[in-house]
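Please read the following briefing alongside the sequence and the coordinates.

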Amino acid sequence: MGSEAAKLNAEALEILSQGNFIGAKRKFQINAKKHPGHQTFNNLGQYYFTEGLEMKNGKVRNADTLGI
């Protein structure tokens, strides 16, 4: 993984550890878009699998299939 991808991943994990799930998801999505690859897709998929997908109405939907 390139240094920018690793940096974005570390930032996302730090944000996630602080309980900011939306901020972490955005970082994971940006990282997957800018640096597509196994690690970035794995991180985003794991996020979807464990946290679900937030809908516009604020509800969270199961996103296991999307995560996998």
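What follows is a briefing on the helices, their contacts and selected residues.

This is a predicted model, in which local features need pLDDT of at least 70 and side-chain atom pairs count only at pLDDT 80 or more, while totals for chains, interfaces and linings use all residues. Residues are numbered from 1 along each chain as its sequence is written, and side-chain values use heavy atoms, with hydrogens and water left out. Helices are DSSP runs (H or I, at least four residues), numbered from the N terminus.

**Helix geometry and burial**

- Helix α2 covers residues 21–34; its 14 residues reach 20 Å from the first C-alpha to the last, close to the 20 Å expected at 1.5 Å a residue, where the expected span is 1.5 Å times one less than the number of residues.
- Helix α3 (residues 38–51) also has 14 residues, and its end C-alpha atoms are 20 Å apart, which agrees with the 20 Å that it should span at 1.5 Å a residue.
- Just after α3, G52 takes a positive phi of about 85°.
- The buried residues of α2 are G23, A24, K25, F28, N31 and A32, where buried means under 20% relative accessible area, exposed over 50% and partly exposed in between, with a 1.4 Å probe and protein chains only.
- The cover over the buried residues of α2 includes α1 (3–17) and α3.
- Within α3, the residues T40, N43, L44, G45, Y47 and Y48 are buried.

**Packing of α1 with α2**

- The axes of α1 and α2 are 8 Å apart, and the two helices pack at an angle of about 165°; axes are lines fitted to C-alpha atoms, for helices over the stretch in contact, and angles run from 0 to 180 degrees between N-to-C directions.
- The two helices α1 and α2 are therefore roughly antiparallel to each other, a term for angles over 145 degrees, as against under 35 for roughly parallel, 65 to 115 for roughly perpendicular and oblique for the rest.
- The crossing of α1 with α2 is left-handed, meaning that the near helix is turned anticlockwise from the far one by less than a right angle, whereas clockwise would be right-handed.
- On the α1 side, the contact (heavy atoms within 4.5 Å) is made by E4, A5, L8, N9, E11, A12, L13, I15 and L16, and on the α2 side by F21, G23, A24, K27, F28, I30, N31 and K34.
- By class, the residues of this contact between α1 and α2 divide into ten nonpolar, three polar and four charged; Ala, Val, Leu, Ile, Met, Phe, Trp, Tyr, Cys and Pro count as nonpolar, Asp, Glu, Lys and Arg as charged, and the others, Gly among them, as polar.

**Packing of α2 with α3**

- The axes of α2 and α3 come within 8 Å and cross at roughly 150°, which makes α2 roughly antiparallel to α3.
- The crossing of α2 and α3 is left-handed, and the contact joins F21, I22, K25, F28, Q29, N31 and A32 of α2 to T40, F41, N43, L44, Y47, Y48 and E51 of α3.
- In this contact of α2 with α3 there are eight nonpolar, four polar and two charged residues.

**Individual residues**

- Y47 lies in helix α3 and is buried, with a relative accessible area of 7%.
- Leaving aside neighbours within four places in sequence, Y47 is in contact with L16, F21, I22, K25, F28 and G52; Y47 and K25 are 22 residues apart in sequence, with their C-alpha atoms 7.1 Å apart.
- G23, in helix α2, counts as buried at 15% relative accessibility, and its C-alpha atom is separated by 17 Å from that of F49, 26 residues away along the chain.
- Q29, also found in helix α2, is partly exposed, with a relative accessible area of 31%.
- Not counting residues up to four places away in sequence, Q29 touches L44 and Y48, while the C-alpha atoms of Q29 and Q39, ten residues apart along the chain, are separated by 12 Å.
- E11 lies in helix α1 and counts as partly exposed at 26% relative accessibility; E11 and K27 are 16 residues apart in sequence and 7.4 Å apart in space, C-alpha to C-alpha.
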